Amino acid sequence: MSDQPILKSKKEQVGELRENGFVIVKGLVPPARLDALRDLSKRQLAEAAGPLEFEADLRYPGAPDSKDVPGGHTVRRLLDAYARDPLYAQCATSPDVRGWIELYFGETPYLSRAHHNCVMTKHPAYGSLTGWHRDVRYWAFERDDLVSVWFALGNETADNGALWFVPGSHKLAFTSDRFDDEKFFRADIPENAALIRTAFSPELEVGDVVFFHCNTLHSAGKNLTGDVKFSLVYTYRGASNAALPGTRSASKPEVALL
Ligand SMILES: O=C(O)CCC(=O)C(=O)O
């Protein structure tokens, strides 16, 4: 028997995304580019290069209460990755990413610069956990059919705050009372808790990429290790699925992946 991993075709990977709501793709980003992206992200974090989102801006569990207390300037996101350095833009629009996402949508993909479009930095101290949610909660497009692409710039495990997903949850219809006022999926409702028990946290190796649907329920824990975790995240839509005029989703020019 061979020890070689079974490599899935792009078509099979897209099928897995459709079926499960997420799929892990290995080796989509060349190692040299990954090293450069990680070094760049570390540098930009050290320089506190703006625009930034701070943990204290969102105050999720584990975050400081304000910017005026210890840890108040812990960065959660290096925002607008696409514009902050050509290296990030190249990654977002690379032929490999475009080819993959085009196969999923079956039409020209567009990169949203209004959603995600950031490097997430999860810190051991003052880094927060993110509750169960669907990414679509604050987005407004003609259809709920967008895909987020998460590039692991280092290894990601449950210990350092990796993502958890509820397989198949992108296909489920929920009444609004299953979510709280901030559109987090309520873990105190028994039916919700039963679904959450089916969640899975894929271990990511540096360079792994997760594609996940905007309706897939996911969460992420705190970083219990000693090192900051870096992940680059972008969101794409198909050409026929426009952002609704006047919404935040339509607030920034998008990038067509031609
Ligand atoms: O890394 C995390 O805390 C999760 C981030 C996330 O799910 C999101 O920003 O939508």
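This is a predicted model: local features need pLDDT of at least 70, side-chain atom pairs count only at pLDDT 80 or more; totals for chains, interfaces and linings use all residues.
**Entry 1. Conventions**

I number residues from 1 along each chain as its sequence is written.

**Entry 2. Overall form**

I looked up the secondary structure and found seven helices and twelve strands in the protein chain. Helices (H or I, at least four residues) and strands (E, at least two) are DSSP runs, numbered from the N terminus. The radius of gyration is 18 Å, close to the 18 Å that the globule rule gives for 258 residues, so the protein chain is as compact as a globular protein of that length. This radius is taken over C-alpha atoms, and the globule rule is 2.2 Å times the number of residues to the power 0.38. Along its principal axes the C-alpha trace spans about 55 × 50 × 45 Å.

I then looked up burial, and 40% of the 258 residues count as buried. A residue is buried if 20 or more other C-beta atoms lie within 10 Å of its own, exposed if 12 or fewer, and partly exposed in between, with C-beta atoms placed from the backbone. Of the contacts between residues at least 6 apart in sequence, 84% join residues at least 24 apart; a contact requires C-beta atoms, placed from the backbone, within 7 Å.

**Entry 3. The nonpolar core**

I found 62 residues in the largest nonpolar core, and V149, F151, V209 and F211 have the most contacts inside it. Strand β7 (residues 146-152) gives the most to this core, with six residues. Such a core is a set of buried Ala, Val, Leu, Ile, Met, Phe, Trp, Tyr and Cys residues joined through C-beta atoms within 7 Å. Leaving out residues up to four places away in sequence, I list L17, F22, V23, V25, V147 and V149 as touching F211.

**Entry 4. Strand β4**

I followed β4 (109-112) and found that P109 and L111 point one way and Y110 and S112 the other, all of them buried. β4 pairs in the antiparallel sense with strand β11 (residues 229-238) over four bridges, and Y110 stands opposite R237 in β11. β4 also pairs in the antiparallel sense with strand β12 (residues 255-256) over two bridges, where L111 stands opposite V255. Pairing here requires at least two DSSP bridges between the strands.

**Entry 5. Backbone exceptions**

Most residues other than glycine have a negative phi, and most peptide bonds are trans. I noted a cis peptide bond between G50 and P51, with omega about -5 degrees. P51 lies in the loop between α2 (31-47) and β2 (52-54), and A48 is found in the loop between α2 and β2. A48 is not a glycine, yet its phi is positive, about 50 degrees; with 11 C-beta neighbours inside 10 Å, A48 counts as exposed. N117, in the loop between β4 and β5, also is not a glycine and has a positive phi of about 50 degrees. N117 is buried, with 23 other C-beta atoms within 10 Å.

**Entry 6. The ligand shell**

I listed M120, K122, T130, D135, G161, H218 and A220 around the ligand; a residue counts as near if its C-beta atom, placed from the backbone, lies within 6 Å. β5 (118-122) and β10 (218-220) each supply at least two residues of this shell. I recorded two nonpolar, three polar and two charged residues in the shell. Ala, Val, Leu, Ile, Met, Phe, Trp, Tyr, Cys and Pro count as nonpolar, Asp, Glu, Lys and Arg as charged, and the others, Gly among them, as polar.

Definitions and conventions
Two residues are in contact if their C-beta atoms, placed from the backbone, lie within 7 Å.
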